[in-house]
Amino acid sequence: MGGGAAAAPIPRLTAITFLFLLPIVIQSHTPSISVRDFGATGDGKHYDTAAIQSAIDSCRTKPCYVTFPTGTYLTATIFLKSNVILDIPKGSTILGGTKLEDYPKEFDRWYVILAENARDVGITGGGVVDGQGLEFVVKFDERKNVMVSWNQTGACSGDECRPRLVGFLDSTNVRVWNITFRQPAYWCLHIVRCENTSIHDVSIYGDFNTPNNDGIDIEDSNNTVITRCHIDTGDDAICPKTYTSPLYNLTATNSWIRTKSSAIKLGSASWFELNNLVFDNITIVDSHRGLALQIRDGGNVSDITFSNINISTRYYDPSWWGRAEPIYVTTCPRHSNSSEGSISNLNFVNISAVSENGIFLSGSKGGLLRNLIFININLTYKRWTKYMGGLVDYRPGCQGLVNHSTAGIIMEHIDGLDVENVNMRWFDGRTVQWDNPLDFRPSTVNNISLLNFHSGVYKQGRGSSEQIPLFGSN
């Protein structure tokens, strides 16, 4: 070009940094609309729904940032539309209403914030969206709270009729970042039939004793990225599932999780395929179950990778699904007339776990587990709670809870399992009813390869400060 020197390529790190900074650059040059200009009070006592909705509906620019000056904004359901970003800064809170009349008639639209058929839509700002979940508790119980259920409406049945916190339905280019979600009464962040979703730098705090307050539910959605999230809640933390169509291309990385249920759970809703999912560099703390596949409805699962994950799992009250398994892979029919899905091509790489129970790998006669690979797995088993062990948990459906002696790895209905560099240690000796590293029947488990598999007692000397090493720890 005119004899001049060629431009140097942009370093990859600089390019990535630019992409993350781009929304900040765009926001700083984009006109914003304040909800206060439409009459919002932000006093946390009077409903600001009409003012917030008017501000959203007035948006004409692309993108349009709707801002919330410092305050607490009580609201019924508000509806996002295309090209609108809710900008909730630090010091501001959107507070969800607790009355049935605060939500639409249709149960599947019960959200504090809802986007339907929208494009280029999102939430950010550093502030809080609060669902007032504790206001829905009928009876507080350290084992599991008893919750309100609005099933008298006829819009839904059972004991889970409560509003979710945030939902994006049938939307494209969804972005949720730099925001805190607090105290959902039911599911927290729900992504349904969406394309191209980015969720990063999000904190989720749900009551630890409240059931069904999932962190992030990804349903029938494709091309989803979750990173740098902190999730501390009672029920499943990251939960991909399929009801009406396949789910593919989900990546979750660099996150921290604590839950009384499963930290990562595929299913249990699983009518269609789940394919090409990656979970990397995740820390799971004091959870009832670590990495879980709970396939119950005939959908097939394939090409899933879990890597560089540190796990600690423990027992909680058995009313919660889970029995302290660090890894739990199951497929079986939910009902007698349900189909059996298959699970294949699972990779577990650089996984470390300290737990009160072993790994459970269970296919079914018509839905085998195929081609499972475990590489560099560090398992330390010990007991520290007083809850009863000796149970295998097939819930939901299937065989329910079944008495079974505890083992390092329980296997059934598997065709193809490669294990390489696995270190299984029993802290201060094997406990009562827990003295079997591998538990399987050759009639249902075939094509197993074990390379550098070690099992033995781990003894910590008196006064020693030696810590149990974890793969991938700093």
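How many of the 474 residues of this protein count as buried? The answer is 55% of them, where buried means under 20% relative accessible area, exposed means over 50%, and partly exposed lies in between, with a 1.4 Å probe and protein chains only.

Before we go on, a word about the model. It is a predicted one, where local features need pLDDT of at least 70, side-chain atom pairs count only at pLDDT 80 or more, and totals for chains, interfaces and linings use all residues. Residues are numbered from 1 along each chain as its sequence is written, and side-chain values use heavy atoms, with hydrogens and water left out.

Let's take the overall picture. The protein has two helices and 35 strands; these are DSSP runs numbered from the N terminus, with helices being H or I of at least four residues and strands being E of at least two. Contact here means heavy atoms within 4.5 Å. Among contacts in the protein with a separation of 6 or more, 77% are between residues 24 or more positions apart. The accessible surface comes to about 19900 Å², and carbon and sulfur atoms hold 51% of that; such areas come from the Shrake-Rupley method with a 1.4 Å probe, and for residues only the protein chains shown count as cover.

Now please find helix H2, residues 49-57. Its buried residues are Thr 49, Ala 51, Ile 52, Gln 53, Ala 55 and Ile 56. What covers them includes strand S1 (32-34), strand S2 (43-47) and strand S3 (64-67), along with strands S4 (71-75), S5 (78-80) and S6 (84-87).

Next, the aromatics. Rings of Phe, Tyr and Trp (its six-membered ring) pair if their centres lie within 6.5 Å; planes under 30 degrees apart are stacked, over 60 edge-to-face, and the rest tilted. By this rule there are 14 aromatic pairs. One of them joins Phe 68 and Tyr 73, edge-to-face, at 5.3 Å centre to centre with 80° between the planes.

Which parts of the chain does the pair link? Trp 110 is in the loop between strand S7 (92-96) and strand S8 (111-116), while Trp 150 is in the loop between strand S12 (146-147) and strand S13 (164-169), 40 residues apart. Trp 110 is buried at 1% relative accessible area, and Trp 150 is buried at 8%. Together with Tyr 103, Phe 107 and Phe 136, these two tryptophans form one aromatic cluster.

Some rings also have a charge over them, meaning that NZ of Lys or CZ of Arg is within 6 Å of the ring centre and within 35 degrees of the ring normal. The charged end of Arg 258 sits over Phe 208, 3.7 Å from the ring centre. Arg 314 does this over Tyr 316, at 4.0 Å.

Last stop, Ile 238 in strand S20. Is this residue buried or exposed? Ile 238 is buried, because its relative accessible area is 0%. Beyond its neighbours within four places in sequence, its contacts include Ile 216, Ile 226, Ile 257 and Phe 279.
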